[in-house]
Amino acid sequence: MSEIETWRGLLSERSSDEVVTKALVRDVQLPYGAGTMALITLDNGFDHTKPNTFGPRGLFALNGALSEIAERTDLAAVGVTGKPFIFAVGADLKGAAALTTREEALAIGALGHHVFRRLGELPIPSFAFVNGAAMGGGLEVALHCAYRTISSGVPAVALPECFLGLVPGWGGTQLLPHLIGPANAIKLIIENPLSQNRMIKGKEAYELGVADAMFEPADFLEESLRWAARVVKGELAVERPSHDEDWDKTVADARFLVDMKLRGASPAPYRALDLIAQARTASRDEGFAAEDQALADLLMGDELRAGLYSFDLVQRRAKRPAGAPDRSLARKITKVGVVGAGLMASQMALLFARRLEVPVVLTDLDQARLDKGVGYVHAEVDKLLGKGRVSADQANRLKALVTGSLTKDAFADADFVIEAVFEDLAVKKQVFAEVEAVVSAECVLATNTSSLSLTEMGADLEHPERLVGFHFFNPVAVMPLLEIIRGAATDDATLATAFAVGKTLKKSSVLVKDAPAFVVNRLLTCFMGEVVAAVDEGTPLEVAEHALDGLGLPMTPFALLQLVGPAVGLHVAETLHEAFPDRFGVSENMAKLVATGKPGVYRPDFTLDPEAVALFSGGSASTAGPSTAEQVRDRVLAALAREIRIMLDEGVVAAPQDIDLCMILGAGWPFHLGGITPYLDRTGIAQPRFLVPGIASVPA
């Protein structure tokens, strides 16, 4: 029996539900008399909302097309392109999750290699015409071709496998480093996936050397065929730079950075680095075999199932927020007001102007603050212009949209006004009283509060039904989560408008009940409170600081405190202590740190500040005594499990999945852990278990 038939037998049961991407072949006469090209179009029969993917049947279909092409003697070249807007986005993830044995996992890796490598090993030149999104295995198809063109309109080029707990397993780790150099390959294979799964666009892919030529979308295929014809005729020689960088040092430096970020918590990036290191000297057969082994190991591990659960949350649940009213109730927004001109307010003003493309007016107490806020927005626009992310015309238009005013009268014709002032209930109530006096009765009033009660904030308003929580995370442009809070009086039209605005801002919105500190800050304060309490009891700060390193969290507890500021952390802790005195404490030592004015326990060079550390020394707050790192870790996770259980019982969110989504997008809970509630289930910490629907496939 041939290898193909062996693989077909192994994988047939796993492909019954596959949406098959067909390989449609047609002959194209190349310009300039260059001969006939067999052009393969990848197409699963659906529009761009259901991208081309590769499962076993799709791979067999492509293999069959290549077999027919290989038998022909009349061809000058072969080309591969995609359906409108989509080249291909990689493996069928549902099918990957359904694999049950390592033998099946090895088979899918070997099958992909067998099929894709044929493109680069035909006796005629092969061309990939990347007309749309190319990710994962889709990009690897293109890498196997001898030449590549790309459309300048391609919105996404990526190898996101490490983001999901896998490695590029169909040639990516072996082919890409030789094409664009190991440093750039590491950027695409590891750094971008670990940076919130960053994608690059067609232009950047071309500049990196992923593609040999770039053309505009309007006549992309025609121009690509002309370019290919010149290559086939020998009129155009494609020259690629040699990569003389120190391969071993580049990999070692990347390994150090991955250690800093993950501290060994996730195996996939480390396996990818091993494969990239091997690519320097390995033959193609050796490199592809190593990818097969790595892929099989990871496909059978916990991390993939957990990563797929996280992926499903951010791709599906985030786009259909639970509890959001009918969007038809949303009001049109033609102007936005922002109360305050500090850093957070200025970031919000820029985001509103960029996404809503409506006038945005800032107000503050004096001209100097106002000028600083508007100046910040203009400076950020200039940075976008310098990076080529906006044109000169767009930059001028954005600057014109954002203005300042010393009086709130400028809000008279605004449809949406958000405050970003000091986190004090009395201050915010005064602000909204002043705003309500000048705006229309239908203008939405939004608060960016991180912990205060909306119901209390709107108690004295004439129209409390139009007050809504609109809680951004810092930095506003980067963090994808938006907690939308419904107060006791908030009506459906206001809430629908908030969700519509959030979607236009390209944020993932989660509906949250008006409860102290909402979701993310409540859980982070719980997390931080247990760590600080352990230190107050005499646990060395360095021990408590690194007790949870094994989870791969984006930063350690006291580094997080440094980011948000001790004063803010103390304020939220005090708010939660007032609401739940039996579960949230207030550290006297933290109060001492705030009183010193120090920014945290770290100095600017990221070494510990002995004076700040000394404030927590001695265990004066309790006689409990010091804990081990393991005890601190268990204490923190148990407290989080308890608090999540209470939040769900209180109806703070609709379901455990919303807790998971908030923590992934707002707190950086690692993707590879699969959400905090299934993680607490798997580790046995949550008793009774949360039993999140749809996560039963994650091994315990």
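Ring pairs join Phe127, Phe129, Tyr147 and Trp227 into a cluster. Rings of Phe, Tyr and Trp (its six-membered ring) pair if their centres lie within 6.5 Å; planes under 30 degrees apart count as stacked, over 60 as edge-to-face and the rest as tilted. The model is predicted: local features need pLDDT of at least 70, side-chain atom pairs count only at pLDDT 80 or more, and totals for chains, interfaces and linings use all residues. Residues are numbered from 1 along each chain as its sequence is written, and side-chain values use heavy atoms, with hydrogens and water left out.

**Aromatic pairs**

- By the ring rule, the count comes to 14 aromatic pairs.
- Phe54 and Phe116 form an edge-to-face pair, 5.4 Å centre to centre with 70° between the planes.
- Phe54 lies in the loop between β2 (35-43) and α2 (56-70) and Phe116 in helix α4, so this pair ties together parts that are 62 residues apart in sequence. Helices (H or I, at least four residues) and strands (E, at least two) are DSSP runs, numbered from the N terminus.
- Phe54 counts as buried at 2% relative accessibility, and Phe116 is buried at 0%. Buried means under 20% relative accessible area, exposed over 50%, and partly exposed in between (1.4 Å probe, protein chains only).
- Phe470 and Phe472 also form an edge-to-face pair, at 5.4 Å centre to centre and 80° between the planes; both residues are buried.

**Nonpolar cores**

- The largest nonpolar core has 83 residues, of which Ile40, Phe54, Phe87, Leu176, Ile190 and Leu299 touch the most other members. Such a core is a set of buried Ala, Val, Leu, Ile, Met, Phe, Trp, Tyr and Cys residues joined through side-chain atoms within 4.5 Å.
- Helix α4 (residues 102-120) gives the most to this core, with eight residues.
- Another core, of 71 residues, lies apart from the largest one and includes Phe473, Phe580, Tyr602 and Met663.

**Backbone features**

- The peptide bond from Asn474 to Pro475 is cis, with omega near 0°; Pro475 is in the loop between β15 (467-471) and β16 (481-486).
- A cis peptide bond also runs from Gln687 to Pro688, with omega near 5°, and Pro688 is in the segment after α29 (676-682).
- Asn197 is not a glycine, yet its phi is positive, near 55°. This residue is in the loop between α8 (182-191) and α9 (202-208) and counts as buried at 12% relative accessibility.
- Arg263 has a positive phi of about 50° and counts as partly exposed at 25% relative accessibility.
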